[in-house]
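Take a look at the protein chain below. This report covers its charged pairs, its nonpolar cores and a nonpolar patch.

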Amino acid sequence: MRMSPLVLLAATASTALAQAETAPEPAPAKRSASATFTVYGDYTFQSDLDDGEGEVSVWRAGANLDMSFPVWERSSLGVSLRGERWGFDFNNATAFDSADGEPWDDVNDFAALVSFSHQCTDRWSAIVGLGGESGFAQGADFDDSLTGGGYVAASYKFNDELTAGLGVSVRTVLEDDAIVFPVLLLDWKIAEQWRLTTSPSVSRRLIGLAYSPNDQITIKFGGGYERLDFRLDDDAPAPEGVGRYQRIPVGIDVAWKFSSQWSVSVYGGAHVWQEYQLDDEDGNKITEDDAEIAPFIGASLEWRF
């Protein structure tokens, strides 16, 4: 969403609408731009491929910049930028690459999204967004890896404890049909210290239960979905083909807000499902395989300004 558009579109919609619904409406003169910059890294431990020989581990390092600019009295313009580097350490994955068992190595993924949100009434808010992404293995062509997507969503504030909404998102996919999927928006304060929300953390949870024992500590439990599609280089087992990686993370993260602007978090859990797929340059599937459940760990640092 990714963007991995599924994640980036849903995350931006959920965050923007949550801010619009929960924050009191300020006077126009007091509205100001804001931004959040996050750096993060995580590691998925080695797991065996189910059907073929070999095993694989995955690391990721990246940064997000989310900006919000007031527009008129009840609207905001959002800009989100993301850059990630993924590392895939295959060992003897001969079903994907009979030569050396390493179908691809490092992958770059860059995404940008522009959104417009409007608080229509005291209870209704709406948001629309458009974005693009480029996923490509080291040595592949950038202009051969571009995809795009967009979404529209609306939410309703039932009371001070519950805001919910729905939307739809569409994204193009490298050498495959476009994907249409629903967007769920939810922010529900179940109790004084508990909240159920679709606003994800950097570990890409799409829905989670948060517990805040005080103003500094937040513990989140949840799960989500990640997808990464990327162009391969000329030397890959499928020259100029497409690699696809999907996974479902389930886990926990603990965030510590040590000042009004800075917070740090550590997270971990398991990818309960992973799938690797290799397609040729026309999108025809060459092979695919699932990997066994694998634990992961990670950390992030966030700066709000």
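Lys-189 is partly exposed, with a relative accessible area of 25%. The model is a predicted one. The side chain of Lys-189 meets that of Glu-192 in a salt bridge, at 3.9 Å from N to O. Glu-192 counts as exposed, because its relative accessibility is 68% and the cut-off for exposed is over 50%.

Another joins the side chains of Arg-82 and Asp-109, at 2.2 Å from N to O. This pair links distant parts of the chain. Arg-82 is in strand β3, while Asp-109 is in strand β4, which covers residues 106-119. The two residues are 27 residues apart. Are they buried or exposed? Arg-82 counts as buried at 5% relative accessibility. Asp-109 is buried too, at 0%.

A further salt bridge joins the side chains of Glu-226 and Arg-247, at 2.9 Å from N to O. Glu-226 lies in strand β12 and Arg-247 in strand β13, so the pair ties together parts that are 21 residues apart in sequence. Glu-226 is buried, with a relative accessible area of 3%. Arg-247 counts as buried at 2%.

| Salt bridge | N to O distance | Relative accessible area |
|---|---|---|
| Glu-192 and Lys-189 | 3.9 Å | Glu-192 68%, Lys-189 25% |
| Arg-82 and Asp-109 | 2.2 Å | Arg-82 5%, Asp-109 0% |
| Glu-226 and Arg-247 | 2.9 Å | Glu-226 3%, Arg-247 2% |

Salt bridges also join up into a network. Its members are Asp-42, Arg-60, Arg-82, Glu-84, Asp-109, Glu-133, Glu-226 and Arg-247.

Strand β12 covers residues 226-231 and also holds Arg-227. Arg-227 has a relative accessible area of 12%. It counts as buried because the cut-off is under 20%. A polar contact of 2.8 Å joins the side chains of Arg-227 and Asp-229.

Now to the nonpolar residues. In soluble globular proteins, nonpolar side chains tend to be buried together. How many residues does the largest nonpolar core have here? It has 20 residues. Phe-88, Trp-104, Val-107 and Tyr-276 have the most contacts inside this core. Four strands each supply at least two of its residues: β2 (55-71), β3 (75-91), β12 and β14 (262-279). The largest share, three residues, comes from β3.

What does Val-107 touch, leaving aside its neighbours within four places in sequence? Its contacts are Glu-84, Arg-85, Trp-86, Phe-88, Phe-136, Ala-137, Leu-228 and Phe-230. A second core is separate and has six residues. Among them are Ile-127, Tyr-151, Ala-153 and Val-183.

Some nonpolar residues are at the surface instead. Phe-37, Val-39, Trp-256, Phe-258, Trp-262, Leu-301, Trp-303 and Phe-305 form a nonpolar patch there. Together they have about 710 Å² of accessible area. Strands β1 (34-48) and β16 (294-304) each supply at least two residues of the patch. Trp-256 is found in strand β13, which covers residues 242-257. Trp-256 counts as partly exposed, at 46% relative accessibility.

Definitions and conventions
Residues numbered from 1 in each chain as written. Predicted model: local features only at pLDDT ≥ 70, side-chain atom pairs only at ≥ 80, totals over all residues. Heavy atoms only, no water. Buried < 20%, exposed > 50% of the residue type's maximum accessible area, 1.4 Å probe, protein only. Polar contact = N/O pair within 3.5 Å; in protein donor to acceptor, adjacent residues only side chain to side chain. Core = buried A, V, L, I, M, F, W, Y, C linked by side-chain atoms within 4.5 Å. Contact = heavy atoms within 4.5 Å. Patch = residues over 30% accessible without salt bridge, like charges linked within 9 Å, V, L, I, M, F, W, Y side chains within 5 Å. Areas by Shrake-Rupley, 256 points an atom, 1.4 Å probe, with all protein chains shown as cover. Salt bridge = Lys/Arg side-chain N within 4 Å of Asp/Glu carboxyl O.
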